[in-house]
Amino acid sequence: KNKDMLRRSKRSSSYYLLRRRIALAAKAAKGEQSRCGIVGRSSSCSCSRFLTTGGIDDGEDDHDASTSSSSSSTTLIKKRINDEYVDTEAAMERTRMKAAALKAAGLKAESMTVFDREVKRAHRDRAAYLQREKKEEKEKKSSSSEGDFLLEEATRRVLDRLDDIKRPFKRILVIGGATVSTVKQLLEKRRDVETIIACDSSEATLLLVKDIVGDAPKRKFDSFPVEIKYVQAFEDDLPIKDNVVDCVLSVLGLHWVNDLPGAMGQARCTLVPDGLFLSAIFGGDTLTELRIACALAETENEGGVSARVSPLAHVRDAGNLLGRAGLRLPAVDVDTLTLNYKTPMDLVEHLRMMGEQNAVIERRQTIKRSTMELANQKYVENFSALSLSNDDDASMPKPSSSESGISATFQILYMTGWSPSETQQKAKERGSATVSLSDLKSALEEKEEEEEKK
């Protein structure tokens, strides 16, 4: 019966969950215990729940689990943590205070919610399952096991920016997104890291990280042992203590957060004074081709347009977000990557592999087959594959070695900011300047004239 259910649901988003349940049932029948324990679900109170572990929880009794959670099903606490880095009690109290403030202002949390967090967590769980499956297939073929090419490249570019800062970062907090590639590349490339706190909403992703780096992770350069703590929590409900990390890294994870300034503000609180916040998110020009193709197909076939691609931040918004989060010396830069795919469906499968499906609450749950076929046709007609021969994108891997097919644009915004500190350089107060820009311009022009005469 289980095999029949598995066969029918193999192409659905619940495939990985069904496999997990069957595996747990099989272990229970043999009298074994899952290495992660069974994460329970409930629904009766308004605070978020966290699963925090020094490694991955090795199955504690469910009697220790809390029995209350939010109105939407959320993970129960397997054990309450209050150690050097994590404090779940403080995080839950902060969430309760936020809910109380919204209630006092006459607002509902649902009115400020754009994305469905539980759906996005399910997407990331499924992506972790697909990545694990791909990894196992490569290991069977004795080929090198590499992660997703886009996530790996985005992580490499973020760490390149981190390398430009000549300062040691011993304690690093990794938030969501490309958690697997970020932790792996930190161990491979950084000579100073001693502690990594991997925070992700997906338990399956944290398990995948643990399986890849092993039980005793070490730096590649000198085999120095690195402590890795795994924390399961949403990005805007971080159970991390204040002033405990030197750097916060987030690679392609924060663009799914409902309260982005709040999440960035919580990340700032975890930083020591003059600590670094470095994040990469998808920008507003990402998947422009897919938006246009879907809009054309729906307009022609159904007489209207719906949001098939989630809303994303633009460059002009990124600097404001850093300022609202209380970060100093903000800086924003942009990369635009154009990738080739054989067909539009290959692009869709790649988005699933990354966990980047649409999670907007107001999204349409289905799409007509005729509309999907027409969107595929519009995409091929209007956006043929582009050559990646220019210098900027020459290092970028291609999903397809063929020059035929379609192209897709991914815009990545890099945001850099620093937690406030007395040692940082500060701008002078407005009106305190002693030299005007017009005087400076005149002096430069006179100097140029003198040089020309000579």
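Two residues are in contact when heavy atoms lie within 4.5 Å. The model is predicted, and the exercises below rest on it.

**Exercise 1. Confidence and overall make-up**

State the mean pLDDT of the protein chain and identify stretches where the pLDDT is below 50.

Solution. Step one: the mean pLDDT of the protein chain is 77, with 74% of its residues at 70 or more. Step two: residues 30-78 have a pLDDT below 50, although this stretch makes 130 contacts in the model beyond near neighbours in sequence. Residues 394-402 also fall below 50, and there the corresponding number of contacts is 21. Step three: the chain holds 13 helices and 10 strands. Of its 454 residues, 46% count as buried. Among contacts between residues at least 6 apart in sequence, 81% join residues at least 24 apart.

**Exercise 2. The surroundings of H11**

Determine which residues of helix H11 are buried and which elements these buried residues pack against.

Solution. Step one: H11 spans residues 344-354, and its buried residues are Pro 344, Leu 347, His 350, Leu 351, Met 353 and Met 354. Step three: after H11 comes Gly 355, with a positive phi near 75°.

**Exercise 3. Pro 344**

Is Pro 344 buried or exposed, and which residues does Pro 344 touch?

Solution. Step one: Pro 344 belongs to helix H11. Step two: the relative accessibility of Pro 344 is 8%, so this residue counts as buried, the cut-off being under 20%. Step three: leaving aside residues up to four places away in sequence, Pro 344 touches Asn 376, Tyr 379, Val 380 and Ile 406. Step four: Ala 375 is 31 residues from Pro 344 along the chain, and their C-alpha atoms are separated by 8.9 Å.

**Exercise 4. The crossing of H9 and H12**

Classify the orientation of H9 and H12 and describe the contact between H9 and H12.

Solution. Step one: the two helices pack at an angle of about 130°, with axes 8 Å apart. Step two: H9 and H12 are therefore oblique to each other. Step three: their crossing is right-handed. Step four: residues of H9 in the contact include Leu 290, Ala 293 and Ala 297, while those of H12 include Leu 374, Lys 378 and Tyr 379. Step five: by class, the contact of H9 with H12 comprises eight nonpolar, four polar and five charged residues.

Notes. Residues are numbered from 1 along each chain as its sequence is written. This is a predicted model: local features need pLDDT of at least 70, side-chain atom pairs count only at pLDDT 80 or more; totals for chains, interfaces and linings use all residues. Side-chain values use heavy atoms; hydrogens and water are left out. pLDDT is the predictor's confidence in each residue, from 0 to 100. Buried means under 20% relative accessible area, exposed over 50%, partly exposed in between (1.4 Å probe, protein chains only). Helices (H or I, at least four residues) and strands (E, at least two) are DSSP runs, numbered from the N terminus. Axes are lines fitted to C-alpha atoms, for helices over the stretch in contact, and angles run from 0 to 180 degrees between N-to-C directions. Angles under 35 degrees count as roughly parallel, over 145 as roughly antiparallel, 65 to 115 as roughly perpendicular and the rest as oblique. A crossing is left-handed if the near helix is turned anticlockwise from the far one by less than a right angle, and right-handed if clockwise. Ala, Val, Leu, Ile, Met, Phe, Trp, Tyr, Cys and Pro count as nonpolar, Asp, Glu, Lys and Arg as charged, and the others, Gly among them, as polar.
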